[in-house]
Amino acid sequence: MDALPPRSLSETGTELDLRAFYRLIALATQLDAVDPALPALAGHLDVASLAIMAPGERREHAAEDGSHLSVPLMFHDRQLGELRATVRPGTDTAILAARLKFFSPAIALHLVMSTRFEERATESAQRGQLARDLHDERDRLEAVLDATNDAILLVDTQDTLTMATPQFESFTGISRYDILGMPVEHLVQRIGERPGLPAAMTNMISALAGNFTESLGGEFELTEPQRRILVWYSLPVYVRSGVLLGRIFAFRDATRERELDRMKTDFISLVSHELRTPLTSVKGFSDLLLENGADRLDDEIREYVDIIAFNADRLITLINDILDITRIDSDRIELKPEGCMIAEIIDQAAAILHIQLDQRGHTLTIDVPRTLPPIWADPARLVQVMTNLLANAIKYTIHSGEIAVSAFVANSADDLPATAPHAQIFPCVIVSVHDTGIGIAPDDAEKLFQRFYRIETSESRGIGGTGLGLAIVKSLVELQGGRVWFESTPMQGSTFSFSVPTASGSHLASY
Ligand code: ADP
């Protein structure tokens, strides 16, 4: 405000000029441009006209061609231009010059403000363009998201729902305008009020909102507005600069996919059942021939019947494995858990495999204390688990080797071996099957429990199998509240272990 001229007021100002001066200042703050204020001032000063000229030669009194008078417009030390009056004939130019000089700081201030305003206008125009660009970008992004088949929600770091795509509306029947910009509890409440939307959905959103570390996924079924299977995943979202944006919840309609899966599973299980019936009779009659008619068969035919029985066995095993996998996939596997002794289960599996053990010349040591607490499991399914692991130990130990089965009880994570997964139900019994076979390379470890995964090495070539055994073992053990893991050294041997909750720890199992 040091542009104001308090000194000059006392020098030249009249009461009237003073009022005009303040009015000019007031106008300066209100108007965008200085020009509209000039005719009024010209009237006040009784000059024909007033104009602002570009900075030129500094002349205070010299009237060009006798009819103009100019004073410089200064702001601090900078000359912004000149205030030029067109003088009427007979005007006292000395007095007029003094009055013009009196008003010049107000005009200069006016000019400065207009210039600032123009700068601001340019700036805001630029900002406006930027805002429009951002807006367009957002529009494009929204159009893309709206066009995707997935429903997407974004909850920001303040727990406010900042994005909901139209698909969410069609999946849930909840209008997105009812939830957008609202706190996440409001969304949870809306979902809770809707019949047909599962409690799992509200639980999941409430549990994950505000958690900016975990990524999770799952699946649930809606019955309204339409029956749908929704696969969901949720993860924290960061922008490239590393700033946390919030948490995204995405939902995909997997109804058709699941329907196709179910049809495929039904088809496989139908075909497998149909194949098993004739195969059972092939196997039954070849066994009968071998047992009862062996003396009536010459050696060559006996050998053929042996081959028929052996291959019928292999096919039956394969078909049973496929049926198990389809049952596991479609949640149709029936487990009948009861309190049972692991030692008896191990004995049964060893009895099933004793011929193979003897044929291969392996020794089997069983070190299972009879004092172990009872476990809570489906005994038939656990015999299947043990048989699979023992059969693998026998198969993948090429020369006569040593197979050892051991078991112990783990009451807490402290009792677990270092290689065991730590998420376990305690107390549990841990069973290990150790062999001195071909072992497993570390690279194969990840995929070993995947379906149809078989390791092809020069050692394992020629050993029959489907790659389904370990996948079934894993599912059966996990369905009974246990875990499976292994450790191995190539060419030295492997140890496969699994846990199963004891009857006392079983109330914690999830099945
Ligand atoms: P399959 O034995 O029918 O091929 P599995 O699912 O039981 O199928 O096993 C998958 C693969 O894991 C096998 O092909 C084999 O390469 C490897 N494997 C399983 N058990 C052992 C073991 N005890 N020693 C070495 N390799 C094994």
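## Basis of the model

Residues are numbered from 1 along each chain as its sequence is written, and side-chain values use heavy atoms, with hydrogens and water left out. Because the model is predicted, local features need pLDDT of at least 70 and side-chain atom pairs count only at pLDDT 80 or more, while totals for chains, interfaces and linings use all residues.

## Helix α3

Helices (H or I, at least four residues) and strands (E, at least two) are DSSP runs, numbered from the N terminus. In helix α3, which covers residues 38-45, the buried residues are L38, L41, A42 and L45; they lie on the same side of α3, since they cover an arc of only 105° around the axis. That arc is taken from the directions from the helix axis to the C-beta atoms.

Buried means under 20% relative accessible area, exposed over 50%, and partly exposed in between (1.4 Å probe, protein chains only).

## Strands β6 and β7

Strand β6 (residues 216-222) and strand β7 (residues 228-238) run antiparallel and are joined by seven bridges, where pairing requires that DSSP finds at least two bridges between two strands. A hairpin of five residues connects β6 to β7, and F220 has L230 in β7 as its bridge partner.

V239 is found in the loop between β7 and β8 (244-253), and V239 is partly exposed, with a relative accessible area of 34%.
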